[in-house]
Amino acid sequence: MKKDLLMWDETLFRDPEVFEIDYVPEQFNYRDEQTRELAFQIRPALRGGRPLNTVCRGLPGTGKTTCVKKLFEEISGTTKKVLPVYINCQIDNTKFAIFSQIYRKLTGHLPPPSGTSFKTIFDAIARLLVKEGTILIICLDDANYLLYENEINNVLYPLLRSYESFEGTRIGVILILSDMDVDLSRAIDARVASVLNPTDIYFAPYSEEEVRTIIGERVRQGFYPGAISPEMVELVVAQTQKSGDLRVGIDLLKRAGLNAEKHARRSIDREDICGAYLMSQYLHLTFSLKSLKKEEREVIRKLAELAKDKKDMIAGEVFKQVKESSEIGYTRFYEMIKKFDLMRLIDLEYRSGTGEKGRTRVITLRYDPEKVIEYLG
Ligand SMILES: Nc1ncnc2c1ncn2[C@@H]1O[C@H](COP(=O)(O)OP(=O)(O)OP(=O)(O)O)[C@@H](O)[C@H]1O
Ligand SMILES: [Mg+2]
């Protein structure tokens with residue numbers, strides 16, 4: 001092998017870990033208010049009481065998961081009486097899977113996979129909690145994945161009403177939602193709603209200046225000095241803003257760094273970033289499409305098909321097409337369009353129409369239609 005193929009000593013990365021998807025950053029600015037509110041919700045548990053329930057809501061990449069993980073780290077470092085359990089509902093989205101994870105957190109091992117009933121696991125958890133006097137805080141991240149199958153009630157009911165069958169159990173939940181218009185009150189049964197009673201915490205999108213600071217901090221931590229010029233950092237910031245998701249920017253830094261190394265460059269250049277963006281930009285698309293409901297996926301598919309012929313689409317005309325092949329009504333269609341706009345899948349623009357028409361809504365897909373169809377599967 002030629003010596004210069006693997007130049008270990010010339011890496012641009014000081015700490016590659018900081019660009020990983022599950023990295024919890026040390027510096028977590030601009031989220032003090034949300035962190036304080038969440039801590040307030042949890043605080044009763046630290047005094048031996050039942051924690052308050054919370055819904056954290058905000059678009060992708062606004063720091064919801066990070067905020068919870070940081071607080072959970074703090075709890076684990078402070079007390080053994082309160083046990084935080086983090087569950088990723090994209091992975092564990094059935095009652096059985098979720099309670100198995102809780103059981104694992106309590107005992108250090110998963111319940112036997114076959115022949116164990118839900119009741120057995122639940123009873124074992126409750127007995128342990130009562131015996132040790134442990135208070136549980138369960139974070140259900142990306143809880144929208146529980147809504148589609150209506151599993152949310154099946155999960156929340158035993159958690160929140162456990163004290164009825166096992167006196168002394170104290171459990172609180174944090175639900176994280178990146179779906180801006182999920183109406184929880186509609187999805188949740190009355191018998192769950194009466195005990196859930198959550199406080200909402202909102203995570204607003206970061207401003208361009210905030211994105212610049214966060215990206216800059218990641219660069220300082222992750223790369224050696226000189227690995228990326230201020231001008232190229234600006235390019236990354238612009239691309240991050242374009243995608244609307246901080247995660248894209250962080251992924252972009254990592255891929256651009258790897259590209260530069262691949263070409264044995266000592267610093268990242270424009271070509272590395274543009275090449276990386278071809279991959280990173282679809283991170284958002286993949287995550288967003290995954291979070292859509294079935295009928296929303298149908299509408300976005302239709303939009304993508306129409307966008308192949310015409311870039312700017314009149315909303316009313318799109319609706320006519322949608323109506324032909326589905327049961328979706330006018331109001332629901334406009335709700336979806338607004339949601340896609342919020343999710344930055346499309347741009348929704350109001351234009352003053354010609355003649356008698358008045359104002360029309362014009363839809364532009366933010367992605368290459370072929371890619372959307374490809375990722376919809
Ligand atoms: N204030 C911040 N400072 C530094 N890094 C941040 C900050 N907010 C978010 N990040 C980083 O941005 C990425 C996305 O954050 P996070 O996963 O917390 O977002 P999220 O709101 O949970 O998104 P989603 O709804 O898509 O799950 C992570 O890599 C995280 O480290
Ligand atoms: Mg998250």
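**Reading pockets, ligand contacts and backbone angles**

Modeller: The largest pocket has a volume of about 1100 Å³. This is a predicted model in which local features need pLDDT of at least 70 and side-chain atom pairs count only at pLDDT 80 or more, while totals for chains, interfaces and linings use all residues. Residues are numbered from 1 along each chain as its sequence is written, chains are lettered from A and ligands numbered from 1 in the order in which they are written, and side-chain values use heavy atoms, with hydrogens and water left out.

Colleague: What counts as a pocket, and which residues lie nearest the centre of the largest pocket?

Modeller: Rolling a probe the size of a water molecule over the atoms shows where empty space is left. On a 1 Å grid over the protein atoms alone, a pocket is an open set of points where a 1.4 Å probe fits, with protein on both sides within 12 Å along at least five of seven lines, and lining residues have an atom within 4 Å of a point. Grid points are joined across faces, edges and corners, and the volume is the space filled by probe spheres set on the points. Here 45 residues line the largest pocket, and I21, G61, T65, T66 and R247 lie nearest its centre. Two or more lining residues come from each of several elements, including helix 2 (64-78), strand 2 (82-88) and helix 12 (246-262), and the largest share, six residues, comes from helix 10. Helices (H or I, at least four residues) and strands (E, at least two) are DSSP runs, numbered from the N terminus.

Colleague: How many residues line the second largest pocket, and how many of them are charged?

Modeller: The second largest pocket, with a volume of about 380 Å³, is lined by 13 residues, of which D181, V182, D183, R186 and K293 lie nearest its centre. By class, its lining has five nonpolar, one polar and seven charged residues, where Ala, Val, Leu, Ile, Met, Phe, Trp, Tyr, Cys and Pro count as nonpolar, Asp, Glu, Lys and Arg as charged, and the others, Gly among them, as polar. The lining of the largest pocket has 18 nonpolar, 15 polar and twelve charged residues.

Colleague: Which residues are closest to ligand 1?

Modeller: A residue is near a molecule if one of its heavy atoms lies within 4 Å of it; 20 residues surround ligand 1, and the closest are G61, K64, T65, T66 and Y206. For polar contacts (pairs of N or O atoms within 3.5 Å), a side-chain N or O atom of Y206 is 2.7 Å from a nitrogen atom of ligand 1, a backbone N or O atom of N29 lies 2.8 Å from a nitrogen atom of ligand 1, and a polar side-chain atom of R218 lies 2.9 Å from an oxygen atom of ligand 1.

Colleague: Is D142 buried or exposed, and where is D142 placed?

Modeller: Buried means under 20% relative accessible area, exposed over 50%, and partly exposed in between (1.4 Å probe, protein chains only). D142 counts as buried because its relative accessibility is 16%; its place is in the loop between strand 3 (135-141) and helix 5, and its phi is near 55°, a positive value in a residue other than glycine. Y30, in the segment before helix 1 (32-46), has a phi near 70°, also positive in a residue other than glycine, and counts as partly exposed because its relative accessibility is 31%.

Key: A polar contact is a pair of N or O atoms within 3.5 Å; within protein, one must be able to donate a hydrogen and the other to accept it, and residues adjacent in sequence count only if both atoms are side-chain atoms.
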